[in-house]
Amino acid sequence: MGSLALTCSSPSSFLRRVSRANEPRFPISLPSRCLPRSQCSCKPQGWSISTSLRIGCSLERAGNATPKNLHVASIAAVSPEETIENSSLPKGDMWSVHKFGGTCMGTAERIQSVADIVLGDPSERKLVVVSAMSKVTDMMYNLVDRAQSRDDAYLSSLDGVYEKHMLTAKQLLEGDDLVRFLSQLHSDISNLKAMLRAIYIAGHATESFSDFVVGHGELWSAQMLSYVIRKSGRPCSWMDTRDVLIVKPTGANQVDPDYFESGKKLEKWFTGDIADTIIATGFIASTPKNIPTTLKRDGSDFSAAIMGALVKARQVTIWTDVDGVYSADPRKVSEAVILRTLSYQEAWEMSYFGANVLHPRTIIPVMKYNIPILIRNVFNLSAPGTMICQQTGNENGDENSLESCVKAFATIDNLALVNVEGTGMAGVPGTASAIFGTVKDVGANVIMISQASSEHSVCFAVPEEEVKAVSDALESRFRQALDAGRLSKVEVIHNCSILAAVGQKMASTPGVSATLFDSLAKANINVRAIAQGCSEYNITVVLKQENCVRALRAAHSRFYLSKTTLAMGIIGPGLIGSTLLDQLRDQAAVLKDKFNIDLRVMGITGSRAMILSESGIDLTRWRELQKEKAQAADLEKFAQHVHENHFFPNTVLVDCTSDSNVANHYYDWLRKGIHVITPNKKANSGPLDRYLKLRTLQRKSYTHYFYEATVGAGLPIIGTLQGLLETGDKILSIEGIFSGTLSYIFNNFKGTRTFSEVVAEAKAAGYTEPDPRDDLSGTDVARKVIILARESGLKLELSDIQIANLVPEPLRASSSAAEFMNELPNFDGDLSKQRDDAEAAGEVLRYVGVVDIANEKGIVELRRYSKDHPFAQLSGSDNIISFTTMRYKDQPLIVRGPGAGAEVTAGGVFSDILRLASYLGAPS
Ligand SMILES: NC(=O)C1=CN([C@@H]2O[C@H](COP(=O)(O)OP(=O)(O)OC[C@H]3O[C@@H](n4cnc5c(N)ncnc54)[C@H](O)[C@@H]3O)[C@@H](O)[C@H]2O)C=CC1
Ligand SMILES: N[C@@H](CC=O)C(=O)O
Ligand code: NA
């Protein structure tokens, strides 16, 4: 204790300060009035007046004398800012402050790397703040805990602490340096042993005892590093920040720096012979009474920021083990990116929301002086890091783009929402105060608050573990109001999370919240509460915890990447499914690069085996993987994996089977927010009530169900019909050749060819259903007729359709498709005769389906058409569908083209997938 503080803003605070700073060691008497500065002649016995830039005088203690009395010459009004402004620190070269955390100081090699970083940049003066070696602070706290619980193991733990530093020092130092360090270490350990023994006997450690013990980690790490730097020839001083940093406890495990006192102490410290490189201890400081204390947990960053402010550093660099601040927690969002810049406010908001950035209190000291903080990775020097600074200009490119105004997303889990509701709250002053007063009385921390201006309800979030006490207290506080009905309820919604979008420019950019909520709606996520302060640095939404990661991914991808990501599960890798997978493989890169659409197949399941992936199956190898890595198929597990266990917010299951059991799941999937795309006709042509339930659900949710390929494969049949209906046209009838298989068969069933021969050809070409009897029986066409009839508003069941069945009666019960194909040649005669009769009349046979809207019926039959009719002109597997409507009455609207086959069908499914992507926000 060498100097007294004589500056303050008022005589009374001066009195407090001097007496606090000096009692009980330096009893002083003070004049009732101070003289003007020019008249100062104070020189109490045993003290000298030292030069000071700030005030008329400050006093230095000479020798061991204690001042008998003290005459204060002047009192200047000096704020802490001025204190720092006028600091008499070495002027000229700028200082930069660097802080290396415990991980950076974890081993001898790492300490050496830190030294190399410091030595590698001779450009300016450096004040390097270091943490204890990793885990040491925990070890030290553990020592205290053990000692006060009278556990003898504190002694062996202390040996462990000694051992760790001794071994590290031996790896780093040699000769006199090593001897000096080890002797200091030894002496510190002996003192600690005595102190811990006292704690052991007392069975209790005061906070200052405990702070004194734990602070040793920093003392040792700082000394070791300074020896290492000196060893390389660079002059280096080391600073025990307990000699410099003065902090005042504020309760709640926090301290406030006393810049004024600290500035003075620092100034004093600099009067010695100080090198241009200083290694300082993080975390530790002294109280105004000179008692060792700490800046509390994670205090080294704070130390660096305070030192930065005290020396008016050009920059404070926080060295850590990540490349910088991410746009979202990279463990939850694989696409999270490192942010190049953040404003102080943004960094502040991010830290509040639990992002591992900086403690908000670290930002305060540097923000005051506009000192930038750079976060850098000690293990990756090539990464530029994240700069936290005052932001004015257009740091991220396009000032007005949504991407640049939302910087990052953060989440807080394990919250509960409390909703206090009732008509008796509106217009009653004091209700909010009574509610939050009650919450305060149980000591709960309110994380966010939302109240609509109708004032009928107040809702707020508190940590889950505090909600029981809060709701009990509210119920008891408002018992009378609840009984009288003025309050209707105190409701608790458990298992909630907060998602916050953070960004300073949100304040001036319209559409940010619309985009955020749109992304959540599209991911089928329900928002329970919303809060946005006037500062608009963040928009906070509360949602169920189980949706939180998906919400985070949806919002992040929508804003940050502006990329539409879709997690897909492919069910039924048969002809269509495998062709689709190959098309996806060939097109994925183009979609990603040119259209910003990222499609990931997270799983493929057949009826017996499935393969799953966390980040997307390599589609160049999916067939091999199916052999090597497959597990037993389980559709529930499959859907759950694709939906939940991935990094993408939007999920689509693509059903490429013809299985009605798979179709039975659509309702449940849509309800869970899983989009469904399919060429499988079973859902839309199955039981009418199931169909209507499914479509009702689809219409009222944001979840999509697309099935273009169920009719006419890739031809735009469903889309055309929907377009006509949605724009107000009225459908009169739909008539056409809906079966690629039957079109192919009758287009080629000419001359002397047999029916069975042409059927085999259609099957080989991939036009038929898995069992060709579905085509020949007319069932497949009837299903398409039903699909179009229902789409047009008719409520028909499959059994309502009259169908001409082409499967010979005896083969309808054949056990397999293969057996049927074997037997079919035996029944060629009948159809050959029908064909020959038609040909003789100048006509052709065509298998057609009709939706007759006026008569509310569907027909599927084999008809004869003259050779110049459009239906007679088809080739290959062409479908032809003619829509007669009020607008297209005289000339029907006709869609024609190949309506079956692997490529065109898979292409139709693929285009549904892209339609979904564009509904979800991909550029159209
Ligand atoms: N082939 C075509 O030209 C067209 C076909 N479609 C429809 O596409 C769908 C697929 O047809 P294809 O690929 O030709 O049939 P496919 O028989 O070649 O493929 C179906 C696949 O689904 C698998 N599967 C069956 N049940 C399953 C289950 N419960 N779980 C998982 N996998 C299961 C089968 O093992 C098979 O791999 C059918 O619904 C069909 O109606 C639609 C338009 C045109
Ligand atoms: N088997 C069907 C194909 C798809 O629906 C057909 O032949 O048209
Ligand atoms: Na189609």
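Reader: On what basis are the values given?

Author: This is a predicted model, in which local features need pLDDT of at least 70, side-chain atom pairs count only at pLDDT 80 or more, and totals for chains, interfaces and linings use all residues. Residues are numbered from 1 along each chain as its sequence is written, chains are lettered from A and ligands numbered from 1 in the order in which they are written, and side-chain values use heavy atoms, with hydrogens and water left out.

Reader: What makes a residue part of the group around ligand 2, and which residues come nearest?

Author: A residue is near a molecule if one of its heavy atoms lies within 4 Å of it. Around ligand 2 there are 13 such residues, with Lys-681, Gly-740, Thr-741, Tyr-767 and Glu-769 the nearest. Helices α27 (740-748) and α30 (779-791) each supply at least two residues of this shell; helices here are DSSP runs of H or I, at least four residues long, and strands are runs of E, at least two long, numbered from the N terminus.

Reader: How do you know that Lys-681 has a polar contact with ligand 2?

Author: A polar contact is a pair of N or O atoms within 3.5 Å; within protein, one must be able to donate a hydrogen and the other to accept it, and residues adjacent in sequence count only if both atoms are side-chain atoms. An N or O atom in the side chain of Lys-681 is 2.5 Å from an oxygen atom of ligand 2, so the pair qualifies. A polar side-chain atom of Thr-741 also lies 2.5 Å from an oxygen atom of ligand 2, and one of Asp-775 lies 2.9 Å from a nitrogen atom of this ligand. Of the 250 Å² of accessible area that ligand 2 has on its own, the protein covers 94% (Shrake-Rupley method, 1.4 Å probe; for residues, only the protein chains shown count as cover).

Reader: Which contacts does ligand 1 have by the same rule?

Author: The side chain of Asp-659 places an N or O atom 2.8 Å from a nitrogen atom of ligand 1. Backbone N or O atoms also lie 3.2 Å from a nitrogen atom of ligand 1 in Ser-607 and in Gly-766. The protein buries 81% of the 830 Å² that ligand 1 exposes when taken alone. In total, 25 residues surround ligand 1, among them Ile-576 and Gly-901.

Reader: Why is Phe-283 called buried?

Author: Buried means under 20% relative accessible area, exposed over 50%, and partly exposed in between (1.4 Å probe, protein chains only). Phe-283 has 3%, and is therefore buried. Phe-283 lies in the loop between β9 (277-281) and β10 (284-286), with a positive phi of about 75 degrees although it is not a glycine. Most residues other than glycine have a negative phi.

Reader: Why does Glu-856 count as exposed?

Author: Its relative accessibility is 54%, over the 50% limit, so Glu-856 counts as exposed. Glu-856 is in the loop between β31 (843-852) and β32 (857-866), and its phi, near 50 degrees, is positive.

Reader: What makes Val-527 partly exposed?

Author: The value for Val-527 is 24%, which falls between 20% and 50%, and therefore the residue is partly exposed. Val-527 belongs to strand β20 (residues 527-532). Its C-alpha is 5.0 Å from that of Leu-543, 16 residues apart in sequence.

Reader: Which residues of helix α21 are buried?

Author: In α21 (residues 635-644) they are Phe-638, Ala-639, His-641, Val-642 and His-643. Asp-634 caps the N-terminal end of α21, with a side-chain oxygen 3.2 Å from the backbone nitrogen of Glu-636.
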